[in-house]
Amino acid sequence: MVDQSIAGASTMATASDGDRSGRARIVILLLCLGLAVAVLLSLTSGASDASAVSVVGDWLLGAAPGNEAVSARDRLIVYDIRLPRVILGVLIGAALAVSGAVMQGLFRNPLADPGLIGVSAGSSLGAVAVIVLGATVLAPIISVLGTLALPLAAFCGGLATTLLLYQVATRHGQTSVATMLLAGIALAALAMALTGILIFMADDRQLRDLTFWQLGSLAGATWQKIGSVGPVIVLALAAMPFLARGLNALALGEATAGHVGIPVQRLKYTAIIGVSAAVGASVAVSGGIGFVGIVVPHLLRLAIGPDNRYLLPASALLGASLLLLADAVARTIVAPAELPIGIVTAIAGAPFFLWILLRKRGVIDL
Amino acid sequence: MIEARDVSVAIGGRGIVANVDFDIRPGEIAAIVGPNGSGKTTFLRALSGDLAYSGEVTINGRDLSAMKPVEAAMLRAVLPQATTLSFPFTVREIVRLGLLGGRSGALPGEDERLPERALARVDLDGFAGRFYQELSGGEQQRVQLARVLCQVWAPVLDGKPRYLFLDEPVSSLDIKHQLIIMNIARDFARRGGGVVAILHDLNLTAMYADRIFVMHRGMLAATGSPQDVLSDDLIEKVFDCRLRVGVLPAGDMPFVLPQSAA
């Protein structure tokens, strides 16, 4: 049986000998360039007219005598306001996109996404608990953990949700898509209800913080925040490439992956912990930013195929670029005010998700 | 040599395989036959390390239950009955997955070319660039076999035999490709490897198997050469239908002619 949607994908991705690694390397190279451009544009665009050119010039010349190209004010704006925001955007975009790709490989389904199946909601719950209860019930814990308390709580929330989801949806090594999506909805609803209780308990100031935080935003990025979640995200991302070959084998099912020599249990738990860490850390600083994890890997599969050795790094690059782009839109579209970035990614991502569903309707039996 | 002693398997508290003794020697094809639900696949899955079992299984003298996946992958390759693929991989990308274990046993530097050579062996020349999900069921089955062949390309590695586990390798193939695949299995055995295959076609079994293990209700009903095992009485009893076993005039190879269902 020839499926139309797959035939459609094949016209985009057919290499006569079936080896798409050359094409994948070129795409990754292009994505590197794209990210560099996105970073420069992000550093330049904004209320101040400090330009990318002068910033690069300043960076290249350093403190060379007679270098008056960039004023102290511009330097402050670029280094203390825009640069942390850009770095955070890159880290979180990469984390969300790679997490999406890894979850899709793990669940053997292109619709798995941390935001969609409740992992982000679980992380959210952890983070909100720290924000609301931080001054009272959880104060002793937070005094020990300091700035790590928020990302850690988000990580635990995400981890608990993912583990629970995997247990519910997988039986005899087969993950049921329908069960996964439904269980994800149930877990997300539960996490949101518990979050609701916490919000109910919150005072006015916390309430406003929470609302904006939940919508998702890169505003308020500081070097301190990067210091607390950056290492977690970088570590999680660094572990992901080691999963690539195993995730490829997993496309044939857990049993076959084991037969070709993949330690499947270890792979699954590494993937779940890595994704929970990356998503938890992202949610902790930027709130719920949806659809990056589903849109990015899907687009890239069309271009370079599903080989995770290339898909994972490419997802990191494209995820970072797209999130910077979305942030630029969020900052400028209603200037001087700022739209939460979660709204931008949802407005662009939700129709895209529907499009995937329509294309896949014949292939995936829900 | 693979030895299984007193192997029993229960799934969800239900006994599926009971007290099976089994062995595969290098150089031979061992066929497992039996009616649907007699525990053939369950037994092979236990042998593949997929299911918990009681009893003892050793591969080349080493305890299976103590082996890591990567160690087992060096000693045997498994062709499952059916494989569902979750992403649009090309045929080459699928076949290459057989090389993940890293010990194909081909000459140094030849691994890159193995997918093509394996595809040629299963009569899928020129299919490397096709999308797996676009292929017919029989073609997909042969792609999977090509992947399995890449994993244990050399039937003997470091002086020790390796094994092919084939669960209904020819079930969706036309008659020509059934013969091609069974010839690959025979060739693998002749070059010093061992093959265990679950088969439904008793005539194909008679043609290719050195020994037949007949399973019935989770237990071994008979073991032996095709001439010993394929008798009217035994086969009628195990498969619960009327049939005649004859002998081909050209030799001593038995053949089975079905008569009626009851």
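## Basis of the model

The structure is a predicted model, in which local features need pLDDT of at least 70 and side-chain atom pairs count only at pLDDT 80 or more, while totals for chains, interfaces and linings use all residues. Residues are numbered from 1 along each chain as its sequence is written, and chains are lettered from A and ligands numbered from 1 in the order in which they are written.

## Overall form of chain B

Chain B contains 9 helices and 14 strands. Helices (H or I, at least four residues) and strands (E, at least two) are DSSP runs, numbered from the N terminus. The C-alpha atoms of the chain occupy a box of roughly 55 × 40 × 35 Å along the principal axes. The radius of gyration of chain B is 18 Å, which agrees with the value near 18 Å for a compact globule of 262 residues; the radius is taken over C-alpha atoms, and the globule rule is 2.2 Å times the number of residues to the power 0.38.

Of the 262 residues in chain B, 48% are buried. A residue is buried if 20 or more other C-beta atoms lie within 10 Å of its own, exposed if 12 or fewer, and partly exposed in between, with C-beta atoms placed from the backbone. Among contacts in chain B with a separation of 6 or more, 65% join residues 24 or more positions apart; two residues are in contact if their C-beta atoms, placed from the backbone, lie within 7 Å.

## The six-stranded sheet

Chain B has an open sheet of 6 strands in the order 6-9-10-3-11-12, with mixed pairing. Two strands pair if DSSP finds at least two bridges between them. Strand 6 (76-79) and strand 12 (219-224) of chain B are the edge strands, each pairing on one side only. Helix 5 (residues 137-151) of chain B packs on the sheet, where it touches strand 6 and strand 9 (163-167), and its direction makes about 175° with that of strand 6. Helix 6 (residues 175-190) of chain B lies across strand 3, strand 9 and strand 10, at about 150° to strand 10. For these angles, axes are lines fitted to C-alpha atoms, for helices over the stretch in contact, and angles run from 0 to 180 degrees between N-to-C directions.

In strand 3 (residues 29-33) of chain B, 5 of 5 residues are buried. Ile29(B), Ala31(B) and Val33(B) lie on one side, and Ala30(B) and Ile32(B) on the other.

Strand 3 of chain B pairs in the parallel sense with strand 10 (residues 194-198) over 4 bridges, and Ala31(B) stands opposite Ala197(B) in strand 10. Strand 3 also pairs in the parallel sense with strand 11 (residues 211-216) over 4 bridges. In strand 11, Phe213(B) is the bridge partner of Ile32(B), and Val214(B) stands opposite Val33(B).

Between the chains, 33 residues of chain A are in contact with 31 residues of chain B. Helix 1 (4-13), helix 11 (244-250) and helix 12 (254-259) of chain A each supply at least two residues to the side of chain A that touches chain B.

The pLDDT, the predictor's confidence in each residue from 0 to 100, averages 82 in chain A. Among the elements of chain A, helix 1 has the lowest mean pLDDT (41) and helix 11 the highest (95). Where pLDDT is low, the predicted coordinates should not be read in detail.
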